[in-house]
Amino acid sequence: MPQLTNGILIAIEGIDGSGKSTLAYNLSTTLQEQNYDTLLTKEPGACDLGKEIREIIQIQNIAITPRAEYLLFAADRAQHFAEIIIPALTQKKLIISDRMADSSIAYQGYGNGLDFNMIHMINQWTMHSIVPHITIFVRVPVSIALDRAKNRGPLSAYEKREAFLQNVAAGFEDMYKNRTDVIIIDGTQPEKTIVSQTSTIITQWIHKKLH
Ligand code: TYD
């Protein structure tokens with residue numbers, strides 16, 4: 001097994017329907033096959049509290065203001081870090097998270113217009129100032145993402161709002177335009193290509209870090 005000297009945290013980001021969950025799954029399987037001690041996780045909803053929060057956010061039968069909604073995502077994040085991420089880093093695992101803090105910047109900041117500094121500050125606090133080593137951004141045009149999401153059954157409240165998703169997508173682009181820790185992947189490519197591209201980049205990054 002490739003022995004990591006430290007845990008590695010990888011976040012996968014993208015809009016709804018970008019294929020990031022499929023990539024997260026395929027990537028964790030591929031890296032596991034290469035004998036990495038891999039953990040696949042997600043935000044929101046990896047831990048029990050998060051599952052309850054996810055229900056509250058998605059059922060949409062109670063009023064939630066944008067600030068309250070953000071704080072629910074933040075509560076999920078705080079629990080996720082305490083219960084899953086920090087212990088897994090201590091165990092030197094290779095962690096792949098389907099969404100993380102940048103989703104709040106994109107959805108609640110760029111999408112809902114909440115204050116960026118406040119989101120950033122609370123995110124940092126919930127994450128004990130830990131930041132992902134690598135972020136993979138799966139880039140797809142909103143029109144393609146919406147088409148894919150439609151094929152998956154009833155549209156969630158977010159997916160119905162194309163204009164909102166356009167702002168979120170533009171937000172990801174803006175956030176990532178000068179970041180050296182972000183790998184941008186063309187999400188319109190075949191699934192196999194995407195996973196092999198991404199796993200190669202990650203394993204190369206790990207080898208560079210180890211040697
Ligand atoms: P996700 O679980 O990725 O979607 P899916 O139901 O397709 O698996 O995310 C659920 C929704 O939550 C998604 O529309 C993005 C949104 N979200 C935020 O708005 N802010 C956040 O901080 C996170 C983590 C997710």
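Which residue just after H4 takes a positive phi? Gly-113 does, at about 75 degrees. A few notes before the close-ups: this is a predicted model, where local features need pLDDT of at least 70, side-chain atom pairs count only at pLDDT 80 or more, and totals for chains, interfaces and linings use all residues. Residues are numbered from 1 along each chain as its sequence is written, and side-chain values use heavy atoms, with hydrogens and water left out.

**View 1. Helix H4 is largely enclosed by the rest of the structure.** Helices (H or I, at least four residues) and strands (E, at least two) are DSSP runs, numbered from the N terminus. Ten of the eleven residues of H4 are buried, among them Asp-102, Tyr-107 and Gly-111. Here, buried means under 20% relative accessible area, exposed over 50%, and partly exposed in between (1.4 Å probe, protein chains only).

**View 2. The largest nonpolar core has 22 residues.** Such a core is a set of buried Ala, Val, Leu, Ile, Met, Phe, Trp, Tyr and Cys residues joined through side-chain atoms within 4.5 Å. Ile-15, Tyr-107, Leu-165, Val-168 and Phe-172 touch the most other members.

**View 3. Arg-99 forms a salt bridge with Asp-16.** A salt bridge is a side-chain nitrogen of Lys or Arg within 4 Å of a carboxyl oxygen of Asp or Glu; the structure holds eight of them. In this one, the closest N and O atoms are 4.0 Å apart. Arg-99 sits in the loop between strand E3 (94-98) and H4, and Asp-16 in the loop between strand E1 (8-13) and helix H1 (20-33), so the pair ties together parts that are 83 residues apart in sequence. Arg-99 is buried at 11% relative accessible area, and Asp-16 is buried at 16%.

**View 4. Lys-20 forms a salt bridge with Asp-98.** Their closest N and O atoms are 2.8 Å apart. The pair links helix H1 to strand E3, across 78 residues. Lys-20 is buried, with a relative accessible area of 9%, and Asp-98 is buried, also with 9%.

**View 5. Arg-139 and Glu-173 meet in a salt bridge.** The N to O distance is 2.7 Å. Arg-139 belongs to strand E4 (residues 134-139) and Glu-173 to helix H8, 34 residues apart. Arg-139 is partly exposed at 36% relative accessibility, and Glu-173 is partly exposed at 29%.
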